[in-house]
Amino acid sequence: MVAKKRGLWLVGARGGVAATVAVGLAELARAGSEAATVGLVTESPLLAGPDFPSWNQEAPWSSWVLGGHEVRAGTLLEAARELERQNGALPVGLADRHATTLDAIDRRIRPGVRFRSGTAIDALTPGSPTSSATPRALVEQIKADLIAFRESNQLDQVVVAILSSTEPPTPADTLPTTWDQLNPLLDRAESCPLRASSLYALAAIESGMPLINFTPSLGASCAALEERAVACGTPLAGRDGKTGETLLKSVLAPMFAKRALRVESWVGHNLLGNRDGAVLADPDNKRSKIDSKDALLARLLGYAPQSLVSIEPIASLGDWKTAWDHVHFRGFLGVPMTLQFTWQGCDSALAAPLVLDLARLITLAEERGEAGPINALAAFFKSPQGAVSDDFGVQFERLRAWVSGLERSSVP
Ligand SMILES: NC(=O)c1ccc[n+]([C@@H]2O[C@H](COP(=O)([O-])OP(=O)(O)OC[C@H]3O[C@@H](n4cnc5c(N)ncnc54)[C@H](O)[C@@H]3O)[C@@H](O)[C@H]2O)c1
């Protein structure tokens with residue numbers, strides 16, 4: 001079998017998650033690095049066996065090529081070294097071990113686009129003016145970069161992963177519900193409701209490149225762009241990677257429901273010190289994340305307990321996100337009880353393997369001719385597109401059944 005050559009295009013290519021993806025992929029491509037496979041679902045025995053794809057033969061990690069878009073100055077090597085300094089978010093020495101590979105990726109990073117990205121993201125690039133081009137012209141510019149990446153590296157498949165800073169929310173009532181309504185707005189910058197993440201998404205969709213939206217930004221999570229993805233035959237996976245506190249919610253809330261225990265309130269305080277945390281300090285950008293973290297509770301329990309989610313930037317914590325959750329619940333005869341947990345996770349180390357897993361999995365969807373939201377990938381996201389359940393256990397079994405070929409994803 002001739003192994004395929006695949007490309008992964010990272011939007012936000014010098015961010016914390018992207019730099020960890022780059023170093024992680026370089027480490028995976030190095031023979032004998034077993035530590036690098038920890039946290040990769042597609043490398044676990046749960047997705048292995050005669051019914052499952054043999055990823056390492058069809059497209060080994062060494063055959064993946066990285067490129068991307070970025071709006072910030074600096075280099076990928078600097079971004080990786082910054083992660084090492086942030087309380088060991090990357091093991092010390094790993095960035096320099098892969099300096100040559102990171103430099104090569106840097107040369108494939110193209111200037112990104114900002115469009116209605118919000119003041120917190122604009123502040124990442126002080127002094128650089130926002131383009132006056134129409135949204136359609138920006139989509140064409142992104143498409144040209146994607147196609148040049150595919151052609152110059154002779155890639156069989158390219159996956160686009162949105163890993164850029166969280167944008168402010170896009171209110172649903174400002175979004176046209178069909179592609180025919182949205183399409184003409186792309187020529188009118190002043191009345192187009194989309195932000196940059198959706199322009200990247202549209203470029204990927206129209207280039208036939210499977211899309212992962214790991215951020216809470218809108219991306220392709222709206223009816224008009226999902227319709228466009230189905231028409232273009234492009235699979236979609238989004239949105240907002242489920243790596244920490246929300247992962248625990250999606251495991252624990254079903255337990256309360258299944259034991260008929262009544263959750264009265266669920267309070268989650270999150271402390272975060274990296275650049276993502278700094279962008280989320282802006283109230284608009286923070287709203288996108290809070291909506292994404294809060295929405296699943298009522299769906300999982302069947303009623304809405306009092307809930308509160310806070311996100312505070314605490315610079316000294318670096319990439320080590322700390323979540324403290326307090327769950328107040330009642331048992332038999334109304335007796336009150338409490339569950340509290342503290343989660344201290346290294347954000348980028350939790351996120352990067354999921355991005356790599358998703359890259360593999362969404363190429364499977366493309367090969368199977370599936371398009372639009374791939375609901376079998378819901379286990380990876382806080383606000384999954386087209387999901388049938390928010391329960392992590394249900395989502396994971398659906399993933400296994402889909403990967404083994406027993407079930408298809410819901411294609412219209
Ligand atoms: N780390 C996790 O566990 C986790 C979980 C779920 C979601 N996310 C989301 O993933 C995203 C990335 O997180 P991070 O920690 O890497 O953040 P980060 O701030 O380190 O990186 C984001 C990068 O995106 C760049 N960027 C911003 N706007 C851009 C644009 N329009 N075009 C191109 N590049 C742009 C920034 O310059 C920055 O380098 C965030 O939206 C975050 O909320 C992360």
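This is a predicted model: local features need pLDDT of at least 70, side-chain atom pairs count only at pLDDT 80 or more; totals for chains, interfaces and linings use all residues.
**Close-up views of the structure**

**View 1. Gln154 sits in the loop that links helix H7 (135–152) to strand S4 (157–162).** The phi angle of Gln154 is near 50°, which is a positive value in a residue other than glycine. Is Gln154 buried or exposed? With a relative accessibility of 65%, Gln154 counts as exposed.

**View 2. Leu333 belongs to the loop between strands S9 and S10.**

**View 3. Strands S8, S7, S9 and S10 make an open sheet, in the order S8-S7-S9-S10.** The pairing among these four strands is mixed. Strand S8 (306–313) and strand S10 (336–346) are the edge strands; each has a single partner, so one side of each is left without a neighbour in the sheet. From one strand to the next, the twist averages 10°. As a reminder, strands of a sheet pair through backbone hydrogen bonds, either parallel or antiparallel. Strand S9 (residues 320–330) and S10 run antiparallel and are joined by eleven bridges. To find your way along this pair, look for Phe329, which stands opposite Met337 in S10.

**View 4. Two helices, H11 and H15, lie against strands of this sheet.** Helix H11 (residues 245–258) packs on the sheet and touches strand S7 (262–272) as well as S8, S9 and S10. The direction of H11 makes about 170° with that of S7. Helix H15 (residues 347–367) lies across S7, S9 and S10, and runs at about 80° to S10.

**View 5. Thr246 is a residue of helix H11.** Which residues does Thr246 touch, once its neighbours within four places in sequence are left aside? Its contacts are Lys293, Leu296 and Lys382. The relative accessibility of Thr246 is 1%, so Thr246 counts as buried, for which the cut-off is under 20%.

**View 6. Strand S6 has both of its faces covered.** On one side are Pro235 and Ala237, on the other Leu236 and Gly238, and all of these residues are buried. Strand S5 (residues 211–213) pairs with S6 in the parallel sense, over three bridges. Within this pair, Asn213 stands opposite Gly238 in S6. Gly238 has another feature to look for: the peptide bond from Gly238 to Arg239 is cis, with omega near -10°. Arg239 itself lies in the loop that runs between strand S6 (235–238) and H11.

View 7. In the side chain of Glu70, an N or O atom is 2.6 Å from an oxygen atom of the ligand. For Arg72, an N or O atom of the side chain is 2.9 Å from an oxygen atom of the ligand. Thr166 places a polar side-chain atom 3.0 Å from an oxygen atom of the ligand. How much of the ligand does the protein cover? On its own the ligand has 850 Å² of accessible area, and the protein covers 99% of that area.

How values were computed: Residues are numbered from 1 along each chain as its sequence is written. Side-chain values use heavy atoms; hydrogens and water are left out. Two strands pair if DSSP finds at least two bridges between them. Axes are lines fitted to C-alpha atoms, for helices over the stretch in contact, and angles run from 0 to 180 degrees between N-to-C directions. Contact means heavy atoms within 4.5 Å. Buried means under 20% relative accessible area, exposed over 50%, partly exposed in between (1.4 Å probe, protein chains only). A polar contact is a pair of N or O atoms within 3.5 Å; within protein, one must be able to donate a hydrogen and the other to accept it, and residues adjacent in sequence count only if both atoms are side-chain atoms. Accessible areas come from the Shrake-Rupley method with a 1.4 Å probe; for residues, only the protein chains shown count as cover.
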